[in-house]
Amino acid sequence: MSRDYPAGTIRTEQVWKRFRADQQRMLLRDRVEQAARRLRGDRGEDWRWALRDINLHIEPGESVGLIGSNGSGKSTLLKMLTRVMYPYAGVIDVRGRIGALIEIRAGIHPDLTGRENIYLFGALLGLKRREVAGRFDDIVEFARLGGAIDRQVKFYSSGMQMRLGFAVAAYLEPHVLLVDEVLAVGDAVFQQRCLDRMREVAEQGTTIVFVSHDLPAVQSICRRGVWLEQGTVRVDAGIKDALAGYRDSIEAQSEASARVGEPLQLLKYEVRGEDADDTTLHTDEPVTVELTLGGDYRGDATLHLGVSEGTSSPIFQISHEIRMTGGDHRVACVIPRLPLPRGRYTLWTGVYSIGKTDGGTLMSWHSAGQFDVFGPMLDTPPRAVVMAAPVFVPHQWED
Amino acid sequence: MGGQRAQVIDEQRGQAAPPGVPVPAGPPPELVFKRRLRPLQVARELWAARELVRALAERDLRARYKQAVLGFAWAVLTPLALCAIFTLVFHRAVKIETGAVPYTLFAYLGLIVWQFFSNTMNQGALSLANNLSLLNKVYCPREVFPLATMLVATVDMVIGVGVLGLMFLVFWTAPAATFLWVLPLLVIQFAFTYGIALILSVAVVYLRDVRHLLPIITQMGVFATPVAYPLAKIPQRLQEIYVGVNPLGAVIEGYRKALLYGDAPDARMTLIAAASSLVFLIGGYLLFKKLETGIADVA
């Protein structure tokens, strides 16, 4: 069991974690009540499993994205890898120095200067004073603090505070780097810096575990994906397959939520190529989207169409005014050159009334279904660069 | 669709439970996590975190220095003010007998110890609760937080001792030749204080209303401890029990004997205090280490 794994290895074996599900306040008198109940033989405890039977083996240098919906246990697992939280059962073994790329604004003391806080963070993250001193300039540069470094942190903007906390963590040199949802904060430039830094670290052979809802960012960094669902590992595979499975499941859920009782319904839709019976779509060729709407509504309305890759990367939206006459209405949209590279896409649609008579939704925005496009693959971006929307742009190179 | 795909992948990699196979209802009981404390490992970890203790204490000291106009003067003003009150009330009104020793010196010595204890207790008790969001994100041995507050209190105590030196000058007396007895007494004082801080800090995390007890303990403690009066005021037959519960009584009494009266501290009382503070320290440490595993769950 206790083999000698090299630094950078992460192993979890049959890891279980549970939390209290019952209402429990942290007061002395509640504990007294609880003890009284226990004496009467009523334990009154209710537990909820947050993680069940997690078995993972991550080799040094692997970059793993943890994905899953809210409450699936991603952050709990990450906390246990950080050793902040302890499992209920099972073995967690993380070899080597652990660095957590986390937003630690919590530790910032507003009355101290940026410089003083950097040394404090360094100590919190386990760095020696001279190690921080050695990287001090890099840290300041990364956080883009410049002249503000000797100013009290309470006079910093919230963005500066966040970058300060993050920059120290970014310059750890760990064997294992754990990243939790850091990209949610900070502007686009800073996000790209974080991704670049993660790529650098990954290329030095550091193991990375990345938790984020920003799926394109996860895809840009990670080679392997672990999809958690309700506390168990649903898929552990290459990042593309894991993300595809996860996106499909989100789509299935959003389609399942039926829109009953709305004035308009989508009766039929079709996405086809040039000929009426040609259902294969090709990049840069004509495409027709045909919708049939039904319902009692009479009057003017705006029909919106959208296309996304998966559910999270919207690509484009178009809209058109229609007049509903109380019966079925067929409308077609011709796109002469489809700007999508090869892949699977989702078609979204919704209808909204014009003016203030009815004011609002006639058919709420929802995904109608998926379609596949054949054609050239999108060129791969360099690692750690997020391609938000896959759009095919006709182009020619000249040397 | 997703499920199908998942199954194929799982077979390829040979890991992770395929979604078709239900996960067992609970973990095998032999795998349930138990906290094992290896003293050597704990000590090594704490030693490795010494820079963190220093950095945390430095944070508090710097922050205090920046916030307050008077800065470190507060470390001296509080015991001096109390000392003045005590001199008025206990010396003039109640007529506490201190022999050849000036009462002000007598009371101030007790106040230094009390101030150290009450600072560590009050700040230490909240040291985890005030840093919960940090504890939820960064790993470090948790006992450094109360330890850092004790270090801050130690700095205050050193300043207080400096003022004590001035007082010796003012009253034109010198510390007695037995002053080396101070060293073992200091160890008892630190052990007991840290033990209490450990217990309270983790108690406040789990039982938020414990923090409301702190002012009460502080208010009562200054009178329940022989700060303003000698230990002899406590009935002879209760003294041993008293010192067992509150080792600070023997510590303060010992300091006075060693520094002011030129006597060795009472051996019996000192030993009881030493044993008691060791129990507080070890018991508090074990409790702390046991409960620390759940801090992130309740934070």
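Which residues of helix H5 of chain A are buried? In the predicted model described here, local features were required to have a pLDDT of at least 70 and side-chain atom pairs were counted only at pLDDT 80 or more, whereas totals for chains, interfaces and linings use all residues. Residues are numbered from 1 along each chain as its sequence is written, while chains are lettered from A and ligands numbered from 1 in the order in which they are written.

In H5(A), the buried residues are Met162(A), Arg163(A), Leu164(A), Gly165(A), Phe166(A), Ala167(A), Val168(A), Ala169(A) and Ala170(A), a residue being termed buried if 20 or more other C-beta atoms lie within 10 Å of its own, exposed if 12 or fewer do, and partly exposed in between, with C-beta atoms placed from the backbone. The cover over these buried residues includes strand S5 (98-101), H3, helix H4 (129-143) and helix H6 (188-203) of chain A; helices (H or I, at least four residues) and strands (E, at least two) are DSSP runs numbered from the N terminus.

Over chain A as a whole, the secondary structure amounts to eight helices and 17 strands, and 40% of the 399 residues count as buried. Of the contacts in chain A between residues at least 6 apart in sequence, 73% join residues at least 24 apart, two residues being in contact if their C-beta atoms, placed from the backbone, lie within 7 Å. Chain A is divided into domain 1 (10-34 + 47-251) and domain 2 (261-374), with bounds that come from an automatic or database domain assignment. The centres of these two domains of chain A, taken over C-alpha atoms, are separated by 40 Å.

Five bridges link S1(A) and S4(A) in the antiparallel sense, and Trp16(A) has Ala89(A) in S4(A) as its bridge partner.

A further open sheet in chain A contains five strands in the order S11-S17-S16-S13-S14, with mixed pairing. Strand S11 (281-282) and strand S14 (313-325) of chain A stand at its edges with a single partner strand each, so that one side of each lacks a neighbour in the sheet. Within this sheet order, strands S13 (residues 298-309) and S16 (residues 343-353) of chain A run antiparallel and are joined by nine bridges, with Thr302(A) placed opposite Tyr352(A) in S16(A). Antiparallel pairing also joins strand S10 (residues 264-272) of chain A to strand S12 (residues 287-295) of chain A, through eight bridges, and S12(A) to strand S15 (residues 329-335) of chain A, through seven bridges. Glu290(A) in S12(A) stands opposite Glu270(A) and has Ala332(A) in S15(A) as a bridge partner.

Between the chains, 47 residues of chain A are in contact with 41 residues of chain B. Elements that each supply at least two residues to the side of chain A that touches chain B include strand S1 (10-20), helix H1 (28-39), strand S2 (47-58) and helix H8 (239-256) of chain A, while the largest share of this side, six residues, comes from S9(A). The residues of this side of chain A divide into 25 nonpolar, nine polar and 13 charged, where Ala, Val, Leu, Ile, Met, Phe, Trp, Tyr, Cys and Pro count as nonpolar, Asp, Glu, Lys and Arg as charged, and the others, Gly among them, as polar.

In chain B, Val182(B) lies in helix H8 (residues 182-206) and is partly exposed, with 17 other C-beta atoms within 10 Å. Leaving aside neighbours within four places in sequence, Val182(B) is in contact with Tyr255(B), Ala258(B) and Leu259(B).

Terms used
Pairing = 2+ DSSP bridges.
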